[in-house]
Amino acid sequence: MAVIDYIPEVKTLAGYDALSTISTYTNHVATAVSNTSSTYNITIKAPTEILTGKSFVLLFTPNIDNLASMQISINGGTAIPILVNGVAISAGVLKMNILYSLLVDNVNSKAFFNSVEYETSMTLALSDEITAITTGTAKMTFRSPFAVTLTKIPRISLSTASSVNLPTVDIKKNGSSIFSTPLRIDATEKTSVTATTPAVLSTTSIADDDELTFDINEAGTGAKGLKVTLFYRRT
C-alpha cells in the first residue's frame, strides 16, 4: 500500500467530507516529532478536526527511544496511550531514528503499535568458486552508498568447507573492525551461523561514504567460494 502524505478532503457546510476512500485506513506522515517527558508530540499536515472520531495509520520516526507507558499527542491534541498487544508499551520498544507505524484509534483514544522497520541484505563474493581462499587484507573494498544500521550479525559462507582450521573474516569501517569477535566458520562447516564461537558486533552504524574493507585473517585448508552477507536498513 502506497504511503501518501495526506488524503485530500473537501470542506462543506456540514464540515469535512472525504472525497473518496482508497484504503481501509488513511495514512498520515509525521512532519515533526518531539517529546515532553513520556509523550511524543507529533505534527501532521491534516487539520485536527478531520481526525476527530476517525482511525488512521500514522507513520513517524521517534526522536528518542520510548519511555514506559509512552503516549502520543497529535497536532497538540489530547495525549493517548500507545498499546502493544493491548497493554501499555514497555520502555525501549520504539527506537530513535527508526520508521514506525501506529494505528491511531480516535474513537477509543488508543494507538496500536506495528513496526514497519525495513530490513534488507546484500551478499558479496570474497573469492571465486574454484580457487582455495588465501589470507589477506582488503580482499574487497567499497564505500557505503548511503547511511545504514546493521540489524543482524553479518554471516559468511563457503561453497567448499575447510578440512581443518577456521576460515575467519574481519570487516573494517574506515580501518577499524566492526567486531569484538570476528566471523568464523568451523572446520568441515560451510556457514558461520553454526560457529562454536559466534561473532560479536561492536559497531552497527555506518555513515554515508564510509569505507568498508573485508579481510581474510584465516583461510583454513581447501576452503572455496567465500561470501559475506550484510543485513541492514537505511538510516
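This note sets out numbered points on the predicted model shown above.

1. Basis of the model. The structure is a predicted model, in which local features need pLDDT of at least 70 and side-chain atom pairs count only at pLDDT 80 or more, while totals for chains, interfaces and linings use all residues. Residues are numbered from 1 along each chain as its sequence is written, and side-chain values use heavy atoms, with hydrogens and water left out.

2. Overall composition. The protein has 0 helices and 23 strands; helices (H or I, at least four residues) and strands (E, at least two) are DSSP runs, numbered from the N terminus. Of the 235 residues in the protein, 35% are buried, where buried means under 20% relative accessible area, exposed over 50%, and partly exposed in between (1.4 Å probe, protein chains only). Among contacts (heavy atoms within 4.5 Å) between residues at least 6 apart in sequence, 70% join residues at least 24 apart. The protein exposes about 12000 Å², and carbon and sulfur atoms supply 53% of that area; the areas come from the Shrake-Rupley method with a 1.4 Å probe, and for residues only the protein chains shown count as cover.

3. Strands β6 and β10. Strand β10 (residues 100-105) has 5 of its 6 residues buried, so the strand is largely enclosed by the rest of the structure. Its pairing with β6 is antiparallel and extends over 6 bridges; two strands pair if DSSP finds at least two bridges between them. Within this pairing, L58 has L102 of β10 as its bridge partner.

4. Strands β4 and β5. Strand β4 (residues 32-36) pairs with strand β5 (residues 39-43) in the antiparallel sense over 5 bridges. T36 is bridged to T39 in β5. The hairpin of these strands has 2 residues between them, and S37 takes a positive phi near 55° there.

5. Strands β5, β7 and β8. The pairing of β5 with β7 is parallel, with 4 bridges, and Y40 stands opposite I72 in β7. Strand β7 is also joined by 2 bridges to strand β8 (residues 80-84), in an antiparallel arrangement; there I72 has I80 of β8 as its bridge partner. The hairpin of β7 and β8 has 5 residues between the strands, and N75 in the turn has a positive phi of about 55°.

6. Most residues other than glycine have a negative phi, and most peptide bonds are trans. S69 is not a glycine, yet has a positive phi of about 55°. S69 belongs to the loop between β6 (55-60) and β7 (71-74) and counts as partly exposed, at 42% relative accessibility. A138, likewise not a glycine, has a positive phi of about 50°. A138 lies in strand β13 (residues 136-143) and, at 40% relative accessibility, counts as partly exposed.

7. A buried loop residue, N66. The loop between β6 and β7 also holds N66, which counts as buried at 2% relative accessibility. Leaving aside its neighbours within four places in sequence, N66 is in contact with Y40, I89, S90, A91, G92, V93 and L94. N66 and N35 are 31 residues apart in sequence, with a C-alpha to C-alpha separation of 9.6 Å.

8. A buried strand residue, T213. Strand β22 (residues 211-218) contains T213, which counts as buried at 11% relative accessibility. Beyond its neighbours within four places in sequence, T213 is in contact with A138, M140, T141, D170, I171 and K172. T213 and M140 are 73 residues apart in sequence and 5.7 Å apart, C-alpha to C-alpha.

9. A search of the whole structure finds 1 cavity of 30 Å³ or more. A cavity is a set of points, on a 1 Å grid over the protein atoms alone, where a 1.4 Å probe fits but cannot get out; lining residues have an atom within 4 Å of a point. Grid points are joined across faces, edges and corners, and a volume is the space filled by probe spheres set on the points. The largest cavity has a volume of about 80 Å³, and its lining consists of M122, F142, S144, P145, F146, V148, L150, I206, L212, L230 and Y232. The elements giving two or more residues to this lining are β14 (148-150) and β23 (227-234). By class, the lining has 10 nonpolar, 1 polar and no charged residues; Ala, Val, Leu, Ile, Met, Phe, Trp, Tyr, Cys and Pro count as nonpolar, Asp, Glu, Lys and Arg as charged, and the others, Gly among them, as polar.

Technical notes. 1 Å grid on protein atoms, 1.4 Å probe; cavity = no way out; pocket = protein on both sides within 12 Å on 5 of 7 lines; lining within 4 Å.
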